[in-house]
Amino acid sequence: GTFDGYGGRHVPDALEAPLEHLANAYDEVANTESFQTDLRDLLETFAGRPTPLYHARNLSERYGADIYLKREDLLHGGAHKINNTLGQALLAERAGKERLIAETGAGQHGTATAMAGALLGLDTEIYMGKKDVERQKMNVFRMRLMGATVNEVTRGGAGLADAVDAALEDMAENIEDTHYLVGSVVGPDPFPRMVRDFQSVIGEEARQQMLDRTGSLPDAAVACVGGGSNAIGLFHPLREDDVAFYGAEGGGEGEGSGRHAAPLAEGEDEVIHGMKTRVIDTETEVHSVSAGLDYPGVGPEHAMFRAAGRAEYTAVTDDEALAAFRELAETEGIIPALESSHGVALAIELAEHGEHDSILVNLSGRGDKDMETAAEHFDL
Ligand SMILES: CC/C=C(/N=C/c1c(COP(=O)(O)O)cnc(C)c1O)C(=O)O
């Protein structure tokens with residue numbers, strides 16, 4: 001489970017065996033007809049797949065390029081996270097686990113985990129930084145409404161990385177009856193490749209939809225990058241194609257500000273949360289206006305793509321993301337999540353510079369959860 005030296009399983013010995021067991025269980029079950037049938041049925045009838053590929057005509061006209069949006073914002077729960085939580089929860093159920101735990105920042109992964117837990121009758125506990133509990137209140141309420149316990153994490157920076165730490169500790173203590181449903185392509189093997197496989201439904205659908213709609217593949221694929229799961233889900237099925245990849249990271253308050261969440265564009269090679277990957281440096285304070293990008297590390301497959309020059313990663317600042325958030329709302333009547341707004345901002349920049357004629361953007365989630373934050377920035 002490595003990606004050209006990135007990834008791996010950098011964990012205490014006590015976790016080696018349980019993770020090897022999970023990896024074997026995944027490899028055995030994931031490709032069986034029965035598992036795929038159950039997962040496909042839930043993705044269709046519970047989550048609402050396939051998601052539309054929307055041609056954003058107004059935005060395309062404004063910038064002189066064909067911009068297509070993959071509408072993961074229309075999924076049940078409002079983001080791509082449900083693709084992964086249904087897959088992992090089905091695995092956990094088959095493994096006889098009685099309890100799900102998860103980390104969350106934007107509360108979308110926490111909500112999607114609570115949905116899967118309620119659906120399959122599994123006890124669910126979500127670890128969420130105090131800072132994020134306060135800025136994603138609607139999602140905290142939704143999780144509790146579905147019977148999940150939301151455990152407010154106050155250690156460290158009370159953010160997403162601290163929630164991951166707390167969840168990893170819980171996993172180590174309760175491995176017998178508990179599955180840690182990791183919310184992005186991060187953590188020790190098998191999590192990055194397992195989450196990638198569950199999110200690849202995005203790129204598989206979008207690839208076929210582009211061919212059916214336009215007769216060809218897009219010149220470029222663009223997605224925001226927090227842990228990296230919606231981006232890798234779009235990129236991975238296209239990795240052999242002649243399609244340029246652009247990842248938009250949380251540039252926070254900008255280069256030199258010392259406050260960002262852009263490990264690929266501005267970090268260094270390090271180990272974090274059981275994986276060798278790119279991490280922001282120790283002098284930088286992890287920050288993003290969007291809770292879902294507010295994480296100091298990133299999936300190892302992206303570190304590999306960056307090192308191989310297969311993808312280009314750009315730090316998109318809070319202000320640039322907020323501007324794109326508002327522009328999409330006004331231009332297309334679609335309110336994106338603040339996370340997804342980073343990808344929209346990068347797509348607009350690419351279109352403006354005339355680098356590509358057709359650009360496919362992953363709209364990873366909707367902005368309902370961000371209304372309070374947006375109201376602090378826009379006096380409407
Ligand atoms: C797992 C922690 C990340 C969360 N969300 C991340 C997120 C992201 C970034 O996560 P990745 O796709 O894994 O990079 C993008 N779009 C939306 C709508 C998100 O909610 C969460 O807790 O909901």
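Is the crossing of α5 and α7 left-handed or right-handed? The crossing of these two helices is left-handed, a term used if the near helix is turned anticlockwise from the far one by less than a right angle (right-handed if clockwise). This is a predicted model, in which local features need pLDDT of at least 70 and side-chain atom pairs count only at pLDDT 80 or more, while totals for chains, interfaces and linings use all residues. Residues are numbered from 1 along each chain as its sequence is written, and side-chain values use heavy atoms, with hydrogens and water left out.

**Helix packing**

- Two packed helices are described by the angle between their axes and the distance between the axes.
- Helix α5 (residues 108-120) packs against helix α7 (residues 137-145) at an angle of about 15 degrees, and their axes are 9 Å apart.
- Axes are lines fitted to C-alpha atoms, for helices over the stretch in contact, and angles run from 0 to 180 degrees between N-to-C directions.
- α5 and α7 are therefore roughly parallel to each other (angles under 35 degrees; over 145 is roughly antiparallel, 65 to 115 roughly perpendicular and the rest oblique).
- From α5, Gln-108, Gly-110, Thr-111 and Ala-114 make the contact, and from α7, Asn-139, Arg-142 and Met-143; contact means heavy atoms within 4.5 Å.
- The residues of the contact of α5 with α7 divide into 2 nonpolar, 4 polar and 1 charged (nonpolar: Ala, Val, Leu, Ile, Met, Phe, Trp, Tyr, Cys and Pro; charged: Asp, Glu, Lys and Arg; polar: the others, Gly among them).
- Helices (H or I, at least four residues) and strands (E, at least two) are DSSP runs, numbered from the N terminus.

**Backbone exceptions**

- Most residues other than glycine have a negative phi, and most peptide bonds are trans.
- Arg-49 and Pro-50 are joined by a cis peptide bond with omega of about 0 degrees, and Pro-50 is found in the loop between α2 (33-47) and β3 (53-55).
- Another cis peptide bond joins Asp-189 and Pro-190, with omega of about 15 degrees; Pro-190 lies in the loop between β8 (178-180) and α9 (191-199).
- Asp-4, although not a glycine, has a positive phi of about 50 degrees.
- At 64% relative accessibility, Asp-4 counts as exposed (over 50%; buried is under 20% relative accessible area, partly exposed in between, with a 1.4 Å probe and protein chains only).
- Ala-158 also is not a glycine and has a positive phi of about 50 degrees, but Ala-158 is buried, with a relative accessible area of 11%.

**Surroundings of Ser-229**

- Ser-229 is found in helix α11 (residues 229-235) and is buried, with a relative accessible area of 2%.
- Not counting residues up to four places away in sequence, Ser-229 touches residues including His-80, Lys-81 and Gly-183.
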